[in-house]
Amino acid sequence: MAEHEHVRVAVIGSGFGGLGAAVRLRREGITDFVVLERADSVGGTWRDNSYPGCACDVPSHLYSFSFAPHPDWPRTFSGQRHIRAYLEHVTDLFGLRPHLRLGSEVKLMTWDDENLRWTIETTRGTLTADVVVSATGPLSDPKIPDVPGLDSFPGKVFHSARWDHDYDLRGKRVAVIGTGASAIQIVPAIQPQVGRLTLFQRTPPWVLPRVDRAISGAERWLHRRLPVTAQVRRGLLWGIRELQVQAFTKRPDELGLVEQLAKRNMARAIKDPELRARLTPDYRIGCKRILLSSAYYPALARPNVDVVGGLSEIRGSTAVAADGTEAEVDVIIFSTGFHVTDMPIAERVVGAEGITLAESWKNGMRALRGASAAGFPNWMSIIGPNTGLGNSSMILMIESQLSYMADYLRQLNVLGGRTALDARPAAVDAWNDRVQERMKRTVWSTGGCTSWYLDASGRNTTIWPGTTTEFRRATRRVDLAEYEVLRKPAPVSGAGPAGRTSGAAA
Ligand SMILES: Cc1cc2nc3c(=O)[nH]c(=O)nc-3n(C[C@H](O)[C@H](O)[C@H](O)COP(=O)(O)OP(=O)(O)OC[C@H]3O[C@@H](n4cnc5c(N)ncnc54)[C@H](O)[C@@H]3O)c2cc1C
């Protein structure tokens with residue numbers, strides 16, 4: 001067999017997850033690693049989503065790494081350009097560039113049980129790694145629904161996560177499909193310049209006002225001179241969300257009060273009772289992601305905007321809604337989300353039993369502590385199953401998973417030799433059962449909606465049903481009793497098959 005480049009760790013992806021993993025590896029003294037990224041620059045979500053109006057909906061001082069504070073955030077909710085620049089800055093600050101392999105899309109990863117390592121085939125060649133850290137992102141592969149007639153649409157079509165900046169929207173008849181987090185940012189940003197905007201809405205979202213403002217020069221100066229002030233600010237932002245989440249996870253009825261705020265946000269801008277009725281959700285707030293915008297409803301009230309039912313068909317250049325409304329359009333912008341519960345990377349990982357992760361997850365994604373899947377030794381995901389949040393910063397969850405990754409690598413070092421850890425099926429089941437049991441009481445299960453948090457069988461395999469503190473506690477250390485330890489016999493005995501021992505006994 002041809003000899004390939006070998007590394008201790010291969011990280012896949014260069015968004016917050018992959019870059020965070022790279023920083024943590026260096027801090028752990030590990031330099032023998034690469035970051036494989038299919039695109040030609042870092043940034044993940046914040047590189048790919050450059051649509052007009054794109055911004056975070058968690059305040060920037062919380063939506064950033066704790067180990068890389070940024071006193072100069074320009075706004076409370078910074079825009080895509082600033083977040084992307086922050087990630088470029090982190091890449092330079094921590095000396096990550098030599099580890100980057102840009103333009104390297106991972107096509108296949110295969111577990112080599114004989115040598116206890118992964119063989120990774122990329123568009124730029126093959127390499128092997130002892131450990132794979134998969135940070136390919138839950139929202140990185142855009143989904144376009146199968147709409148009858150779309151193939152023969154004569155106009156322009158693109159997804160919000162792949163915005164075509166060369167296409168001039170001025171004066172055009174535009175169809176925006178979907179009313180999720182991206183759409184509600186796009187609509188007010190493009191409404192003033194387009195000729196006509198038809199918004200195809202399957203289900204209305206709950207939208208709260210977004211209290212966004214510029215962070216003053218004085219505040220920034222204070223954060224630079226006295227970094228503790230930025231920490232206090234972050235702490236407050238975190239603490240409020242930590243308290244709020246109890247309503248989502250344990251007492252959904254309390255969210256009724258928040259619905260009143262959202263209704264007021266709508267009533268301020270939408271005076272037409274018929275339109276207001278169409279825009280009012282019939283499920284509990286929080287069941288789908290709560291959206292933040294003070295500009296969305298005012299844009300919908302403008303005379304060049306129509307809100308119609310979900311897109312059902314394209315006939316030539318006519319977009320037809322489920323309620324029968326027809327609109328002649330020049331361009332269709334799909335703001336229809338991502339492959340979340342069917343992430344494409346799972347098709348590309350072949351584990352110890354010769355099956356793909358997608359096959360192993362055919363009844364739903366599951367991973368021990370959101371990281372390790374049984375039968376996929378030394379492979380872990382960042383933002384794996386049930387690690388998503390409905391109300392706080394994903395960076396908190398990513399950092400918890402990085403602690404888990406660091407301890408995992410420490411444990412491998414302590415065990416010594418060529419060793420791998422394979423999550424025990426019973427441990428994965430026990431973790432998953434606990435998560436699903438807690439899920440039953442949450443607003444995501446009881447709120448009466450269908451959301452992208454649910455998989456094809458209706459199970460919520462994406463959201464963490466607790467506080468970020470609870471997740472941090474659960475991922476502080478790797479419990480070896482939850483793993484089987486795989487060892488390669490000492491070299492003198494030849495290259496025999498690897499042995500398996502109980503993690504508890506190791
Ligand atoms: C528009 C938008 C706004 C958001 N706003 C917020 C917010 O306000 N607050 C919040 O908490 N979360 C938000 N999120 C969620 C966001 O996805 C996460 O917060 C976080 O950025 C995810 O980071 P990541 O590194 O896991 O994934 P990503 O940023 O998606 O990065 C994944 C990387 O993996 C690469 N990749 C994928 N497959 C392969 C492959 N086969 N080979 C090589 N490379 C590959 C991709 O190119 C990408 O660079 C938002 C998401 C979107 C889409």
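Author: One term before we begin: helices here are DSSP runs of H or I with at least four residues, numbered from the N terminus. And note that this is a predicted model.

Reader: Fine. What follows helix 3?

Author: Gly 95. Its phi is positive, near 60 degrees.

Reader: And how far apart are the end C-alpha atoms of helix 3?

Author: They are 20 Å apart. Helix 3 has 14 residues, 80–93, so at 1.5 Å a residue it should span 20 Å, which agrees.

Reader: Which residues of helix 3 are buried?

Author: Gln 80, Ile 83, Arg 84, Tyr 86, Leu 87, Val 90 and Thr 91. They cover an arc of only 155 degrees around the axis, so they sit on the same side of helix 3.

Reader: What do the buried residues of helix 3 pack against?

Author: Helix 1 (16–27) and helix 2 (45–48). The face turned away from the buried side carries exposed Asp 92 and Leu 93.

Reader: Switching topic. What does the domain assignment give?

Author: Domain 1 is 5–140 + 339–502, and domain 2 is 150–211 + 244–334. Their centres, taken over C-alpha atoms, are separated by 32 Å.

Reader: How many residues does the contact take from each domain?

Author: 25 residues from domain 1 and 25 residues from domain 2. On the domain 1 side, helix 13 (residues 443–446) gives the largest share, 3 residues.

Reader: How do the residues on that side of domain 1 divide?

Author: Into 9 nonpolar, 13 polar and 3 charged.

Terms used:
Residues numbered from 1 in each chain as written. Predicted model: local features only at pLDDT ≥ 70, side-chain atom pairs only at ≥ 80, totals over all residues. Helix = DSSP H or I, 4+ residues; strand = E, 2+ residues; numbered from the N terminus. Expected span 1.5 Å × (residues − 1). Buried ≥ 20, exposed ≤ 12 C-beta atoms within 10 Å, placed from the backbone. Arc of directions from axis to C-beta. Contact = placed C-beta atoms within 7 Å. Domains from an automatic or database assignment. Nonpolar A, V, L, I, M, F, W, Y, C, P; charged D, E, K, R; others polar.
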